[in-house]
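Hello,

Here is the structure we talked about. Please have a look, then read my notes below.

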Amino acid sequence: MLFHRRFEHRYPRIVRGRGARLYDDAGNAWLDAVGGAGVAILGHGLEELARQAAESMRHVSYLHGMQFTTPELETYGERLVALAPANISHVLLMGSGSDAVETAIKLAYQFHLGKTGSPRKHKVIATEPGYHGATALALAVTGKPRDRLLFDGLLREQCFIPAPDAYRRPESGEACAEALERKILEEGAESCLAFIVEPVIGASMGVSVPPPGYLQRVRDICDRHDVTLIFDEVMCGFGRCGTWFASEHSGVQADIIVQGKGMAAGLLPLSAVYASRDIVDGIHRDGANFAHGFTFTNHPFSAAVGLRVLDVIERQGLLDNVQRQGDALRAKLRELTAFSWVDDVRGLGLFCGLELVADKRTRRAFPRTARLAEQVLQRAMRRGGNFYFSIGYLPDGSGDSILVMPPYTVTPEELDAMVAVLRDTFAELDADAQALARQAA
């Protein structure tokens, strides 16, 4: 029997898909408004891409990344670096976002170890909320205490500071940047290795775009204290925000960037770690090599698929579509704020979220016991819509947001259908939500 994470859940058996629609073996259909978790960026039913991928499979099965390379692997690396910020010189391909974050932290550690000759720089600072993965290092820097709780005994304690919240605290960018500097001084700059942050915080905070100036201040602070800046763009990057890198919107360059999710359009696992020239040269000082990797690091078939996904995005001008349809989606979602408990439509590109609140004036959240976001998702599924949520991100454990992350190929008609599912779902829940809001007053 297959081990499913949710033991009692009935999983629909999907047999095919086309565009943003999925079909199961019982004849039911769903609108996939999130591509799983922002992964199926080209939608479903990618026949031409599948044929091209099959052709690549005919040539070689597996090559160890420390023994061989291929023309497609090298071309893909060159293409990715050409799209990256100007300070990035190299890219390392991994299998998942967690792998990539783990690799990025080890990359920073080996860089500083070679630079100083001392292992004292070992503390990673992260934001709370924030999500960076499920492997040991990635989970240790994930700013979701309930995610870490079960495995705390296995994790090395790291450092956390508050994430900015442009909805509830528009001025929080400066305060959160100051909190980073205070934390560095408190821990001692000589022990602080890196600061890892999502340029647009995703599933852990319902798509939160930081206030203007925040990332610029963060960059200055990291430079001043010799702390490596890592941007986690696993969810918000690779075109999701309408640019190849979400950090392009701020103009800030990180020392290391990680991407993942849709890099292979969901056809197989693929992620990437981008490193600046300073990081790479620092590690290679005196002829040293990077002392970390996995069996499927720089996998040639993954690169071949990723290369073809790049071709599709560029040939079809899909980043323009992401920007255009993203603007249209947020405009449609703002119509839903007519409900007294739906507020703050936000995001960039096709990375959108909206907040569910008991009181719009005070921006007070519903109590977590109401499980309002879960109710929205369950009832939307009954109406044929697959969405995503973010919950429990406020200091008291409350917070409900709904995320919408359709494929880059989404059509206006599909957007209309997605918003219609949400509208009907909100209408069905409206009386109950208003009653909950009155009880929470």
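**What I found**

T337 is partly exposed, with a relative accessible area of 24%. Buried means under 20% relative accessible area, exposed means over 50%, and partly exposed is in between (1.4 Å probe, protein chains only).

A word on the source. This is a predicted model, in which local features need pLDDT of at least 70, side-chain atom pairs count only at pLDDT 80 or more, and totals for chains, interfaces and linings use all residues. Residues are numbered from 1 along each chain as its sequence is written, and side-chain values use heavy atoms, with hydrogens and water left out.

Back to T337. It sits in the loop between α11 (318-334) and β11 (342-348). Helices (H or I, at least four residues) and strands (E, at least two) are DSSP runs, numbered from the N terminus. Not counting residues up to four places away in sequence, T337 touches V342, D343, D344, V345 and K360. Contact here means heavy atoms within 4.5 Å. L354 is 17 residues away from T337 along the chain, and their C-alpha atoms are separated by 8.9 Å.

Next, E374. This residue belongs to helix α12 (residues 372-382). E374 is buried, because its relative accessible area is 6%. Its side chain makes a polar contact of 2.9 Å with that of R368. Such a contact is a pair of N or O atoms within 3.5 Å; within protein, one must be able to donate a hydrogen and the other to accept it, and residues adjacent in sequence count only if both atoms are side-chain atoms. Leaving aside neighbours within four places in sequence, E374 is in contact with R368, F389, I391 and D400.

Now the helix packing. α11 and helix α13 (residues 412-440) cross at roughly 25°, and their axes come within 10 Å. Axes are lines fitted to C-alpha atoms, for helices over the stretch in contact, and angles run from 0 to 180 degrees between N-to-C directions. α11 and α13 are therefore roughly parallel to each other; the term covers angles under 35 degrees. In α11, Q325, A328, L329, K332 and L333 meet P412, L415, D416, V419 and L422 of α13. The residues of this contact divide into seven nonpolar, one polar and two charged. Ala, Val, Leu, Ile, Met, Phe, Trp, Tyr, Cys and Pro count as nonpolar, Asp, Glu, Lys and Arg as charged, and the others, Gly among them, as polar.

Helices α7 (residues 172-187) and α8 (residues 214-224) pack at about 15°, with axes 9 Å apart. They are therefore roughly parallel to each other.

Best wishes

Methods
Angles under 35 degrees count as roughly parallel, over 145 as roughly antiparallel, 65 to 115 as roughly perpendicular and the rest as oblique.
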